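Work through the exercises below with the sequence and the model at hand. Each task is followed by a solution in steps.

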Amino acid sequence: MDTKPVGKLIGYARVSTKDQELRLQLDDLKRAGCWNIYEEHASASKGRRRPKLEEALMDLRAGDTLVVWKLDRLARNMRELLRLLDRIQSAGAGFKSLREHIDLATPVGRMMMGVFGTLAQFESDLTAERTKAGIKAIQDRGLQYGAQPKLSEAKAKALVKMRKSGATIAETARQF
């Protein structure tokens, strides 16, 4: 049996640049019955703030449903998608993607959430494997992985000796 949302439908539409048009997303979100639609012109690339998404998430109340045109309008990868879906569910709200026909208020939608979790873990595991392989390849070539030391070994020993002799941190910093 499907659980129908009792609250309002809140839409979120996003394009990556100011030059792109939201019209197609807005039309579909309005047809779906969205009560309020948050519009954003912002890239979802790592580290970019999306204030309208935050507003939409903060607007969600128990029983409401966040509606997006497509999943890629919400998140840039599976891990982020799963994190956002978990946040939506924690608020007691639902989620619906119009183009992929995913609705977390249905058994199939909840199953898809489990699949997303599995895919996010798979993506994370693959990234970890690639990172380990890359580090090993660097080390196999005799190179050092990570940040290079700022001080030579001789200077590091001199710094320790200076501190042990009673020099202040400020004096040591000026010297090195």
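**Exercise 1.** Is E54 buried, partly exposed or exposed, and what is its relative accessibility?

*Solution.* Step 1: the relative accessibility of E54 in this predicted model is 33%. Step 2: buried means under 20% and exposed means over 50%, with partly exposed in between. Step 3: E54 therefore counts as partly exposed.

**Exercise 2.** Find the salt bridge between R87 and E54 and state which elements hold the two residues.

*Solution.* Step 1: the closest N and O atoms of R87 and E54 are 2.8 Å apart. Step 2: a salt bridge needs a Lys or Arg side-chain nitrogen within 4 Å of an Asp or Glu carboxyl oxygen, and R87 and E54 form one. Step 3: R87 belongs to helix α3 (residues 78-90) and E54 to helix α2, so their pairing ties together parts 33 residues apart in sequence. Step 4: R87, at 32% relative accessibility, counts as partly exposed.

**Exercise 3.** Examine the contact between D59 and K8, then look for the network that includes these residues.

*Solution.* Step 1: a salt bridge joins the side chains of D59 and K8, at 3.9 Å from N to O. Step 2: D59 sits in helix α2 (residues 51-59), while K8 is in the segment before β1 (9-15), so this pair ties together parts that are 51 residues apart in sequence. Step 3: D59 is buried, at a relative accessible area of 15%, and K8 is partly exposed, at 23% relative accessibility. Step 4: a network of salt bridges links K8, D59 and D64.

**Exercise 4.** How many residues apart in helix α3 are E80 and R83? Describe their contact.

*Solution.* Step 1: E80 and R83 are three residues apart in helix α3, a separation of about one helical turn. Step 2: their side chains meet in a salt bridge of 3.8 Å, N to O. Step 3: E80 has 7% relative accessibility and counts as buried.

Methods. Residues are numbered from 1 along each chain as its sequence is written. This is a predicted model: local features need pLDDT of at least 70, side-chain atom pairs count only at pLDDT 80 or more; totals for chains, interfaces and linings use all residues. Side-chain values use heavy atoms; hydrogens and water are left out. Helices (H or I, at least four residues) and strands (E, at least two) are DSSP runs, numbered from the N terminus. Buried means under 20% relative accessible area, exposed over 50%, partly exposed in between (1.4 Å probe, protein chains only).
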